[in-house]
Amino acid sequence: MAYSLSEVVQHSGVPVDTIRYYQTIRLLPGPAREGRNAVYDDAHLDRLRLIRSMASRGFSLRVIAMLLEKGERTESDRALLTAIEEESTEPGYDSAAAATQLGVPHALLASVERAGLAEAQEQADGSRRYSEGDLRVARGALKILGYGFPLTRLLALAVKHDRSIRKTVDGAIDLFDQYVRKRTRGSEADPEAVGAAFKDILPLVTALVAHHFQRVLVNRALKRLKKSGERGPLEVALKVASATRLGVRWQ
């Protein structure tokens, strides 16, 4: 996705002068050019978030530069950012701060929360906060909106999915309770063993659900194209489908 400098400032929260300074000391690659306009992309935003995340943990710019020296590729940045986030114990962002980070009105995020489509993680003190991983998923949703989908129809579809999947989730929890948490009749299972089982099973289940959703979506889309007789789009879709692999990263 292409961004102007002002849009990068809005999405990253990093001032213009700081962005230009990072470019001067080669922490941030320069923008592409379209005529006289500077054009930034998602890789620039990822790099700025990585720099800010590392700086907030006490890394100097010199050390950040050393760590990024071999991280010219976007995937390297994301892997490093994920590793740092995994080590982080910081609580993240409350609802208002998350809206600011996403560059959307707080009222919009609050509306999504009321619809049950966004749930921050509850903290030990009872507050609820979003993580960097939550914000990354939310940015993906905003990117989908950028393709021109009407917000109201997309939210309606999301609510329908949410209501449906809650029943499935309740059934999954019942199974876990019955066969893992309360395996021994009359006594609770070892809490540590339950925790280890939950940690092991959760990413497996998540990958299974995501894989099933993707496979059903692709196959039903192909079926519609075959039925319509649109050979050109069908050939393109088959090529894309055969080359696409599901990427699920547990965070």
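**Salt bridges and beyond**

A: Start with Asp-42 and Lys-143: their side chains form a salt bridge, 3.2 Å from N to O. Keep in mind that this is a predicted model.

Q: Where do Asp-42 and Lys-143 sit in the chain?
A: Asp-42 is in helix H3, residues 42–56. Lys-143 is in helix H8.

Q: Which residues does Asp-162 bridge to?
A: Asp-162 is linked with Arg-163 and Arg-166 in a network of salt bridges. The bridge to Arg-163 has an N to O distance of 2.3 Å. The bridge to Arg-166 has 2.7 Å, again N to O.

Q: Why are Arg-166 and Asp-162 about one helical turn apart?
A: Because they are 4 residues apart in helix H9.

Q: Is Asp-162 buried or exposed?
A: Buried, because its relative accessibility is 11%, and the cut-off for buried is under 20%.

Q: Switching to rings. How many aromatic pairs does the search find?
A: The search of the whole structure finds 1. The pair is Phe-176 and Phe-198, with ring centres 5.9 Å apart and planes at 80 degrees. That angle is over 60 degrees, so the pair is edge-to-face.

Q: Which helices hold Phe-176 and Phe-198?
A: Phe-176 is in helix H9, residues 151–181. Phe-198 is in helix H10, residues 191–228. They are 22 residues apart, and the pair links distant parts of the chain.

Q: What is the accessibility of Phe-176 and of Phe-198?
A: Phe-176 has a relative accessible area of 17%, so it is buried. Phe-198 is at 45%, so it counts as partly exposed.

Q: Now the surface. Which residues make the patch of positive charge?
A: Arg-220, Lys-223, Arg-224 and Lys-227 gather there. One of them, Arg-224, is found in helix H10. Arg-224 counts as exposed because its relative accessibility is 66%, and the limit for exposed is over 50%.

Q: Which residues form the nonpolar patch?
A: Tyr-21, Ile-25 and Leu-61. Together they have about 240 Å² of accessible area.

Q: Where is Ile-25?
A: Ile-25 lies in the loop between helix H2 (16–24) and strand E1 (32–34). With 33% relative accessibility, Ile-25 counts as partly exposed.

Q: Last one. Where is Arg-136?
A: Arg-136 is in helix H8, residues 132–145. Its relative accessible area is 23%, so Arg-136 is partly exposed.

Q: How far is Arg-136 from Asp-46, in sequence and in space?
A: They are 90 residues apart in sequence. In space, the C-alpha to C-alpha distance between Arg-136 and Asp-46 is 9.7 Å.

Methods:
Residues are numbered from 1 along each chain as its sequence is written. This is a predicted model: local features need pLDDT of at least 70, side-chain atom pairs count only at pLDDT 80 or more; totals for chains, interfaces and linings use all residues. Side-chain values use heavy atoms; hydrogens and water are left out. Rings of Phe, Tyr and Trp (its six-membered ring) pair if their centres lie within 6.5 Å; planes under 30 degrees apart count as stacked, over 60 as edge-to-face and the rest as tilted. Helices (H or I, at least four residues) and strands (E, at least two) are DSSP runs, numbered from the N terminus. Buried means under 20% relative accessible area, exposed over 50%, partly exposed in between (1.4 Å probe, protein chains only). Patches are made of residues with over 30% relative accessible area and no salt bridge: like charges are joined within 9 Å, nonpolar side chains (Val, Leu, Ile, Met, Phe, Trp, Tyr) within 5 Å. Accessible areas come from the Shrake-Rupley method with a 1.4 Å probe; for residues, only the protein chains shown count as cover. A salt bridge is a side-chain nitrogen of Lys or Arg within 4 Å of a carboxyl oxygen of Asp or Glu. Lys and Arg count as positive and Asp and Glu as negative; His and the chain ends are not counted. The place of a charge is taken as NZ of Lys, CZ of Arg, CG of Asp or CD of Glu.
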